[in-house]
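User: Could you walk me through this model? I would like to start with the ligands.

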Amino acid sequence: MNIEIERKWWKESVVYQIYPRSFYDSNGDGIGDLRGIIEKIDYIASLGVDVIWLNPVYKSPNDDNGYDISDYRDIMDEFGTMADWVELLDRVHQAGMKLIMDLVVNHTSDEHEWFIESRSSLDNEYRDYYIWRDGIDGNPPNDWLAHFSGSAWEFDEKTGQYFLHLFTRRQPDLNWENEKVRAGVHDIMKFWLEKGIDGFRIDTINMFSKVPGLPPVEAADGKLRWGGEFFMNGPRIHEFIHEMNEKVLAGYDVMTVGECPDVTPEMAIDYVGPERKELNMLFQFEHMSVDHPHEDKWDIRPFDLVRFKEIISKWQIELHGRGWNSNYLMNHDQPRSVSRFGDDGKYRVESAKMLLTFLMTLEGTTYIYQGEEIGMINSGLDRIEDYRDVEVLNHYKEAVRGGKDLEEVIESYMKMSRDNSRTPMQWSKEPNAGFSTVEPWIKPGVSWREINVENDLESPDSIIKFFRQLVKIRKENLTLIYGEFEQLMPDDQDLFIYRRFMDDEVYLSILNFSADNHDLTILPDHAQLLLGNYNDETEWLRPYEARIYRIR
Ligand code: GLC
Ligand code: CA
């Protein structure tokens with residue numbers, strides 16, 4: 001077979017993302033941990049996935065659940081010890097899988113020793129590791145907004161200056177202009193690579209380079225905008241990533257995926273084009289904002305399939321042969337995909353399988369998130385006391401101050417908040433969803449008695465078993481991984497149908513994103529059904545039906 005694109009293990013991989021805090025609690029303190037993951041390795045391997053991506057497990061005061069790191073070379077107390085981590089890595093490798101770690105270096109925790117030093121005095125040798133500025137007439141240095149509410153600047157009494165934090169005030173941004181910072185990051189990366197990991201998911205990577213002078217946004221209409229144009233895809237970003245590749249990554253056979261909100265396919269190619277020697281792939285976000293305006297995730301609109309198809313097709317086509325896609329429908333920052341793009345009621349099982357079929361028949365590396373393989377749905381938590389995410393808690397305070405309709409606000413959390421995907425993995429009907437012997441750090445989603453791994457495996461309609469078949473079909477038919485993509489019927493509001501082709505092979509993926517029956521007129525006579533999410537093959541499509549055909 002002649003593959004015009006270079007074959008790589010990471011292109012052919014299916015990645016399973018684990019949010020350790022919510023995966024499995026081995027020691028009964030209500031918090032998931034590394035030994036819990038070790039206990040579940042056989043389960044993960046049984047899915048057929050190739051790579052595990054761990055959300056941050058480093059030492060952290062947990063202002064943002066581990067995305068605020070106080071020691072990059074040690075393990076978070078609640079998660080276990082370095083010895084546990086080493087055992088985990090060994091066990092993952094023994095099971096024939098690989099392990100990638102989250103690298104969070106746009107910012108550190110305010111408890112990281114660099115920041116403790118930095119804030120201690122104006123002339124401390126670490127002062128310039130972070131972004132410090134004088135205020136202007138008692139106000140912050142500029143009008144940028146933090147992602148999790150309020151100004152992106154925090155005043156520090158001790159030295160009378162402000163420091164920049166694009167996320168919470170306990171996540172000060174590193175100053176990437178300082179080459180000692182970059183060298184420090186490279187050392188952290190080498191520390192883990194030398195331990196034998198297989199790559200990194202790099203957090204908020206396109207925010208490292210800020211526009212010099214940190215210009216204000218000053219929206220003419222007086223409405224505050226967040227300032228993204230001055231810190232996303234900044235002037236030195238490619239230089240920084242290229243340097244990281246040259247000095248660190250080039251020496252290892254590892255994979256990298258960068259988290260990159262606000263990029264177009266053209267911009268993405270600058271990050272992932274093989275000749276650029278930067279990253280292997282990135283997480284773009286365009287399809288994640290089909291149901292809300294770009295800058296306000298709480299202003300929720302109905303899901304528009306035509307727009308969604310347009311975005312997916314654009315990325316598939318424009319990156320083909322020039323870069324590599326990573327395909328996902330959810331992660332720890334997004335609500336549950338079944339609730340968002342499928343049907344979390346009557347057709348939950350069908351739509352969960354349909355969405356997995358979608359992910360597994362696109363060009364690119366597939367990422368699934370814990371619980372996606374059993375069709376877990378949004379949490380259903382309807383009281384603010386049950387939420388844990390700093391984004392929600394900060395937003396709620398603002399909503400109270402702003403006199404918003406709080407019932408509506410909670411409804412929007414029930415649809416879009418990150419806690420929807422952070423509730424415990426639902427293992428069984430045992431108390432606490434079989435996740436822990438005690439009440440967990442966050443309540444299990446209300447559906448746990450019905451939706452859990454045990455029930456799924458016992459069901460004749462098992463989603464897990466269907467997923468295993470998808471993995472097998474994808475691995476056996478390289479066209480599904482590397483082939484070109486072409487959309488049919490782009491204006492259809494319910495169906496997503498596309499061809500995948502390479503050399504003389506052609507496949508057809510037919511996905512019904514609706515609860516209605518549909519005529520199926522475009523199918524050639526000789527089409528051979530490889531897999532479908534209903535037990536038989538009808539001449540029409542049923543609600544949330546998914547089929548993969550081989551045409552040639
Ligand atoms: C990324 C992470 C998110 C975190 C943020 C700040 O977007 O995925 O969970 O809150 O970065 O580190
Ligand atoms: Ca625990």
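Analyst: What follows takes the ligands and then the domains. This is a predicted model, in which local features need pLDDT of at least 70, side-chain atom pairs count only at pLDDT 80 or more, and totals for chains, interfaces and linings use all residues. Residues are numbered from 1 along each chain as its sequence is written, chains are lettered from A and ligands numbered from 1 in the order in which they are written, and side-chain values use heavy atoms, with hydrogens and water left out.

User: Which residues come nearest to ligand 1?

Analyst: Of the 14 residues around ligand 1, those are Asp 64, Asp 203, Glu 259, His 332 and Asp 333, where being near requires a heavy atom within 4 Å.

User: How far is an oxygen atom of ligand 1 from the side chain of Asp 64?

Analyst: An N or O atom in the Asp 64 side chain is 2.5 Å from a ligand 1 oxygen, while for His 332 a polar side-chain atom lies 2.8 Å from an oxygen atom of the ligand (a polar contact is a pair of N or O atoms within 3.5 Å).

User: And the calcium ion, which protein donors does ligand 2 have?

Analyst: They are Asp 25 (OD), Asn 27 (OD1), Asp 29 (OD), Ile 31 (O) and Asp 33 (OD), at 2.2 to 2.4 Å from the ion; donors are N, O and S atoms within 2.8 Å of the metal, or 3.2 Å for Na, K and Ca, and water is not among the atoms, so sites may look incomplete.

User: Is Asp 33 buried or exposed?

Analyst: Asp 33 is buried because its relative accessibility is 3%, whereas Asp 29, at 36%, counts as partly exposed (buried is under 20%, exposed over 50%, partly exposed in between, with a 1.4 Å probe and protein chains only).

User: What separates the centres of domain 1 and domain 4?

Analyst: Taken over C-alpha atoms, 28 Å, with bounds from an automatic or database domain assignment.

How values were computed
Polar contact = N/O pair within 3.5 Å; in protein donor to acceptor, adjacent residues only side chain to side chain.
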